[in-house]
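Open the model in your viewer and keep the selection tool at hand.

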Amino acid sequence: MAQYKPTGFGRQPSHHPDHSLLLDYASGATSEAESLIVATHLTLCAECRRELARLEAVGGSLLESIEPATLDNGFDSGFAAVMARIDGEDAAAPTVGDRRDGGASPGTSCCACDGDDHLLLPAPVRALLDRSLDRVEWKPIMRGLDEAPLPDVAGGAKVRLMRIRAGATVPKHTHRGTEMTLVLAGGFSDEGGHFERGDLAVLGAEADHRPVADPGEDCLCLVVTTAPLRLTGRMGRLLNPFVRF
Ligand SMILES: [Zn+2]
């Protein structure tokens, strides 16, 4: 655990699930792997928790509780009434730092146990680990990059913890499927921007990138991949036969 500094706790993420993914999550249409990564992001993102509550309330209200008198004025005014009611509830929405913020703050506990894992790992990730983080058996993929597979989820997606050593560069690679990466500690930069704790990076099929970890701190990520990665740089032609996923 010593390699992870307690930075980024309580920060508001700047990279979020896109609206359609959050809408699918709200309606129960996401796969198990997508649900895992969205749920983990939600523990760290008050903004998306508020948006999820809004989406769920809109769905429920439109289906069940729009009063006939409101409907008399047409759908638009009924929808506006629902939204006004939700906006009124926003003041009570959870904020970063409450018990649903799985990050908690350094020196505080998010539950009865005050172990380091509970500060670092959101509950959906802890639920998949059968041991503490400092006892995870890392498997080296290449220099500076290690992985620790987590139990497979339904649908054939691979779920892993990945660790990029401070300052290391992952060779340029692409994927046949979708790769969703959620930063838990440290940070990295790639063609999509800079990502820190709570940020979600979604890379579609055939897009390629070359992540570089921030200096000074290892970068720990939860990664869901729906198909094997494929290295595309010059080094990739040499390494591809050895990359299992
Ligand atoms: Zn968010």
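How many nonpolar, polar and charged residues are in the lining of the largest cavity? The lining has nine nonpolar, three polar and one charged residues. Here Ala, Val, Leu, Ile, Met, Phe, Trp, Tyr, Cys and Pro count as nonpolar, Asp, Glu, Lys and Arg as charged, and the others, Gly among them, as polar.

Before going on, note the ground rules. This is a predicted model, in which local features need pLDDT of at least 70 and side-chain atom pairs count only at pLDDT 80 or more, while totals for chains, interfaces and linings use all residues. Residues are numbered from 1 along each chain as its sequence is written, and side-chain values use heavy atoms, with hydrogens and water left out.

**Stop 1: the whole protein**

Show the cartoon. The protein has eight helices and 12 strands. These are DSSP runs, numbered from the N terminus: helices are H or I with at least four residues, strands E with at least two. Colour by accessibility next. Buried residues make up 44% of the 245 residues. Buried means under 20% relative accessible area, exposed over 50%, and partly exposed in between (1.4 Å probe, protein chains only). Among contacts between residues at least 6 apart in sequence, 67% join residues at least 24 apart. A contact here is a pair with heavy atoms within 4.5 Å.

**Stop 2: the largest cavity**

Select Met162, Ile164, Glu179, Thr181 and Pro211. Of the 13 lining residues, these lie nearest the centre of the largest cavity. Its volume is about 150 Å³. Now show β3, β5 and β11, the elements that give two or more residues to the lining. The count comes to two cavities of 30 Å³ or more.

The search runs on a 1 Å grid over the protein atoms alone; a cavity is a set of points where a 1.4 Å probe fits but cannot get out, and lining residues have an atom within 4 Å of a point. Points are joined across faces, edges and corners, and a volume is the space filled by probe spheres set on them.

**Stop 3: the nonpolar cores**

Select Leu133, Leu161, Leu220 and Leu222. They touch the most other members of the largest nonpolar core, which has 35 residues. Such a core is a set of buried Ala, Val, Leu, Ile, Met, Phe, Trp, Tyr and Cys residues joined through side-chain atoms within 4.5 Å. Elements giving two or more residues include α1 (19–26), α3 (46–64) and β11 (219–225). α2 gives the most, with five residues.

Centre on Leu222. Beyond its neighbours within four places in sequence, its contacts include Leu36, Ile37, Val125, Leu161 and Leu184. Then pick Leu145, Met162, Val183 and Cys221, which belong to a second, separate core of 15 residues.

**Stop 4: helix α2**

Is α2 largely enclosed or open? Ten of its residues settle the matter: 10 of the 13 are buried, so α2 is largely enclosed by the rest of the structure. Among the buried ones are Ala33, Leu36, His41 and Leu44. At 1.5 Å times one less than the number of residues, α2 should span 18 Å, and its end C-alpha atoms are 19 Å apart, which agrees.

**Stop 5**

Select Arg11, in the segment before α1. Arg11 is partly exposed, at 21% relative accessible area. It touches Leu44, Glu196, Arg197 and Asp199, not counting residues up to four places away in sequence. The C-alpha atoms of Arg11 and Asp199 are 9.9 Å apart, though 188 residues separate them along the chain.

Move to Gly192, in the loop between β6 (187–190) and β7 (193–196). Gly192 is exposed, at 52%. Finish on Gly193 in strand β7, which is partly exposed at 26%.

Conventions:
On a 1 Å grid over the protein atoms alone, a cavity is a set of points where a 1.4 Å probe fits but cannot get out, and a pocket is an open set with protein on both sides within 12 Å along at least five of seven lines; lining residues have an atom within 4 Å of a point.
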